[in-house]
Amino acid sequence: MHSPIQTYRNPNQLHIIASECQECKNVIFPYQKHCTQCLNIDPDKFSTINLPQTGKIYSYTTIHKPPTQFKKYTPYHVAIIQLDTKSDLPTIRLTGQIVDTHKPLTIGQTVTSVYRILHSDDPAGHIHYGIKWQTHTE
Amino acid sequence: MKNQPQAYITGVGLTQFGEHFDTSLETLIIEAALKAVKDSHLKSLKEIDLIIVASMTATYLQSQGHLSSLVTQLLGTSCPVLSVDAACASSGSAIGIALQYIKTHHNILIIGAEKLTDHDVTDVTSALMRAASYSEEGIHGVTFPGLGALIAQRYFHEYNKSPQLLEKIAIKNHLSGSNNPIAHMRKPINSKTYQQSPYVADPLRLFDCAPVSDGAAALIVTNPQSSIPATTPTSSILAHAQGQDSISLHHRETLTSFKAVKLALQSIKQQVNFDANQINILELHDAFTILEPILLEDLNFYKPGTGFDYYENDNPQFYINTSGGYKACGHPVAASGLRQISEIHHQLTQQAQDRQINISTSQTSLGLTVNLGGMAGTASLTLLSNS
């Protein structure tokens, strides 16, 4: 089983995916092949849902006092983003950084996913990649 | 109202909260434990038949696990020791466990301790962030004040209110803390100090966030069938409940209300029959100022979006955080829940000195603590009474 951040990169690096239990139609995000609703654990009985690459800012802040690995990026924006899912899917939100913007953020603003370095453990350590978000250019 | 106590609190022990550069986690644990026993009717640690210990960051910052055995060595006891982790609600969780065990035990010692200073602030920020989801939040650089800020930003958006409202909470709690000898921050602050403090994660400023502190707190919980000398100041635990919610904020239906608190409140109401008007004092989890008004709403004292009205009332029906709260006392994570209960115990037993509020000796007075773990992924509520 992959960690959620790995599944964001799978199968195509930019795809954000959820799973759907074929037994009870439960939509699971982050992606899991285990359904807590109907206890289905058969990996062949889950389908993959590709989620939209765009969303709206649900809430946001700017971090001025970072954790160790994010010192060099400070200050940076983080937000909760509500994905632009159609009405046949439940509301799906996730957390991520907003990058490449020099204007004040607002709740409801449209954002699009981009693939970026999240952080690196240390000069000799792993580089962690994942999804960040850009505001739309006016 | 006739509610049988689930247990008595017969002793409390608190270390000074603050920067203990010359004191280890071990010494803080010993000091709080011995103070609690000396404060109680017990003559020695041998009368304790179970110990519960909590520390959120010891494994990370002190590289110290296996606290049950550590405590046995530190206190020289031979009774069983349980170790609990629910982040900031660790000691609140310990109360819940103690109330189950007390049915078959005489006296239980609960200890919460944390040693956060002596480390780079970014390391402490990383350690505390372990109370949130790493794979969904921490990996994106979110901090705990950042999570508080996401809640605050959404609250002010939904209810069309200004972050300026937070200032009054910070000023109130620092004023209360100035009367509390164990508080980390003992100076009152004014509007200018607040406004000049830098943003940690906007709209939250430095003075919206509880300081990083060392400290330990301990309680003696005694079986309600025990005979306790009349000279021992005693308060009763009428009810305790724990509610849960997702660890990641973004999986919740709303950011402006805490399901875990509402679930715990429902459970408290099922356990005891009480009138909210009898509550004289609340100790609310104010690690971030925005949490106080939201908790007032979730506890049904105020309607959604009106929690800030409390701070406009010069003569409120109950007191909040007479201790100074997490804001002024500081927040040695696993000690804070017990520190909150200690404050209510001191108030209900007329031992709060300069902070003493008017508690009737003839009528029932109630106090309620709300101790959150993470950003209310766990909520621990404890209802205490003076009778």
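Tutor: Let's start with B:T77, which counts as buried because its relative accessibility is 11% (buried is under 20% relative accessible area, exposed is over 50%, and partly exposed is in between, with a 1.4 Å probe and protein chains only). Before going on, keep in mind that this is a predicted model: local features need pLDDT of at least 70, side-chain atom pairs count only at pLDDT 80 or more, and totals for chains, interfaces and linings use all residues. As for bookkeeping, residues are numbered from 1 along each chain as its sequence is written, chains are lettered from A and ligands numbered from 1 in the order in which they are written, and side-chain values use heavy atoms, with hydrogens and water left out.

Back to B:T77. You'll find this residue in the loop between α3 (67–75) and β3 (81–84) of chain B (helices are DSSP runs of H or I with at least four residues, strands are runs of E with at least two, and both are numbered from the N terminus). Set aside the neighbours within four places in sequence, and B:T77 is in contact with B:L45, B:I51, B:V71 and B:T72 (contact means heavy atoms within 4.5 Å).

B:S63, in the loop between α2 (58–61) and α3, is exposed, with a relative accessible area of 63%. Its phi is near 55°, positive even though the residue is not glycine. B:N160 sits in the loop between α6 (144–158) and α7 (166–177) of chain B, has a positive phi of about 50° without being a glycine, and counts as exposed at 72% relative accessibility. For background, most residues other than glycine have a negative phi, and most peptide bonds are trans.

Now for a helix. Take α4(B), residues 90–101: its 12 residues at 1.5 Å each should span 16 Å, and its end C-alpha atoms are 17 Å apart, which agrees (the expected span is 1.5 Å times one less than the number of residues). This helix is mostly covered, with nine of its 12 residues buried, including B:S90, B:G92, B:I95 and B:L99.

Charged pairs next. Over all chains there are 12 salt bridges (a side-chain nitrogen of Lys or Arg within 4 Å of a carboxyl oxygen of Asp or Glu). One of them pairs B:E292 with B:K172, with the closest N and O atoms 3.4 Å apart. That pair links distant parts of the chain, 120 residues apart, with B:E292 in helix α10 (291–298) and B:K172 in helix α7. Both partners are buried. B:E343 and B:R355 also meet in a salt bridge, 2.7 Å from N to O, and again both residues are buried.

Finally, the contact between the two chains: 33 residues of chain A touch 33 residues of chain B. About 2,800 Å² is buried there, with carbon and sulfur atoms giving 58% (the accessible area, 1.4 Å probe, that two parts lose on being put together, summed over both). The chains share zero salt bridges, but 17 residue pairs are in polar contact, both residues at pLDDT 80 or more (N or O atoms within 3.5 Å; within protein, one must be able to donate a hydrogen and the other to accept it, and residues adjacent in sequence count only if both atoms are side-chain atoms). On the side of chain A that touches chain B, α1 (4–8), β4 (54–63), β5 (76–83), β6 (93–99), β7 (110–120) and β8 (127–135) each supply at least two residues. β4(A) gives the most, with six residues.
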